[in-house]
Amino acid sequence: MITPALPASRGKGAKAASLDEAITAWALAARGGDADAVEHFVRALQRDVQRYVAHLCGDPQAVDDLAQDTFLRALGSLHRFEGRSSARTWLLSIARRAVIDSYRYAAARPRLSDVPDWQLAIELAQPIDLPGFDDGVALLDLLAALPDERREAFVLTQMLGLPYAEAAEASDCPIGTVRSRVARARATLTDLLAEADEPAVAAG
């Protein structure tokens with residue numbers, strides 16, 4: 001039976017596992033032709049997909065198109081989804097391939113002008129009147145300093161909440177590599193935060 005509504009927010013541990021199970025159940029039901037399950041599946045993962053492609057993509061104007069492409073690919077491939085991994089991990093793997101394909105397509109075409117980076121897409125998508133907005137922008141500035149692969153691993157595990165095994169599957173690399181990238185990303189972010197605090201300490 002399909003759960004009629006999504007939980008209000010994703011927590012950790014059992015709550016996150018329960019949501020992942022529900023999303024996978026919706027994907028399997030959608031594969032069988034359940035239109036309501038398709039809607040629940042898309043709504044549940046739309047934000048995660050948009051955030052993920054925004055972090056991977058260099059063109060903020062392409063984020064919505066890439067997210068839409070991801071879901072079109074996924075819905076067209078649902079007949080092959082058997083639930084061996086969580087539907088969220090499966091979908092993020094498709095999102096990653098969509099971004100890679102967009103890079104390949106762009107590389108084969110002449111580039112007319114430079115475009116702003118992924119950071120702008122995230123900033124524009126955030127309501128500026130929410131508490132913590134300034135901190136969020138500061139975090140995005142710090143994340144921009146990370147190498148792409150470390151940023152991807154950090155976003156998947158620390159921001160989207162994927163377990164390391166699922167992040168490894170989504171990014172198509174060994175789990176040990178993901179752990180190493182996250183550890184290095186954390187170390188870099190810690191150093192950058194310390195550097196950012198130094199002027200404030202000196203001024204005080």
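Me: Is Glu152 buried or exposed, and what is its relative accessible area?

Reply: Glu152 is buried, at a relative accessible area of 7%, where buried means under 20%, exposed over 50% and partly exposed in between, with a 1.4 Å probe and protein chains only. The model is predicted, so local features need pLDDT of at least 70 and side-chain atom pairs count only at pLDDT 80 or more, while totals for chains, interfaces and linings use all residues. Residues are numbered from 1 along each chain as its sequence is written, and side-chain values use heavy atoms, with hydrogens and water left out.

Me: With which residue does Glu152 form a salt bridge?

Reply: Side chains of opposite charge can pair when their charged atoms come close. Here Glu152 forms a salt bridge (a side-chain nitrogen of Lys or Arg within 4 Å of a carboxyl oxygen of Asp or Glu) with Arg96, and their closest N and O atoms are 2.8 Å apart. Because Glu152 belongs to helix 7 (residues 148–159) and Arg96 to helix 4 (residues 87–107), the pair ties together parts that are 56 residues apart in sequence; helices are DSSP runs of H or I with at least four residues, numbered from the N terminus.

Me: How many salt bridges does a search of the whole structure find?

Reply: The search finds eight, including the one between Glu149 and Arg181, whose closest N and O atoms are 3.1 Å apart. This pair links distant parts of the chain, with Glu149 in helix 7 and Arg181 in helix 9 (residues 175–203), 32 residues apart. Glu149 is partly exposed at 47% relative accessibility, whereas Arg181 is buried at 16%. Asp20, Asp48 and Arg88, in turn, are linked in a network of salt bridges.

Me: How many residues apart are Asp69 and Arg73 in helix 3?

Reply: An α-helix has 3.6 residues a turn, so residues three or four places apart point the same way. Asp69 and Arg73 are four residues apart in helix 3 and thus about one helical turn from each other, and their side chains meet in a salt bridge of 3.1 Å, N to O. Asp69 is partly exposed at 25%, and Arg73 is likewise partly exposed, at 27% relative accessibility.

Me: How many aromatic pairs does the search of the whole structure find?

Reply: It finds two, counting Phe, Tyr and Trp rings (the six-membered ring of Trp) with centres within 6.5 Å, where planes under 30 degrees apart are stacked, over 60 edge-to-face and the rest tilted. Phe41 and Phe71 are edge-to-face, 6.5 Å centre to centre with 85° between the planes. Phe41 lies in helix 2 and Phe71 in helix 3 (residues 63–77), so the pair ties together parts 30 residues apart in sequence. Phe81 and Trp90 form a tilted pair, at 4.8 Å and 35°, and both are buried.

Methods:
Helix = DSSP H or I, 4+ residues; strand = E, 2+ residues; numbered from the N terminus.
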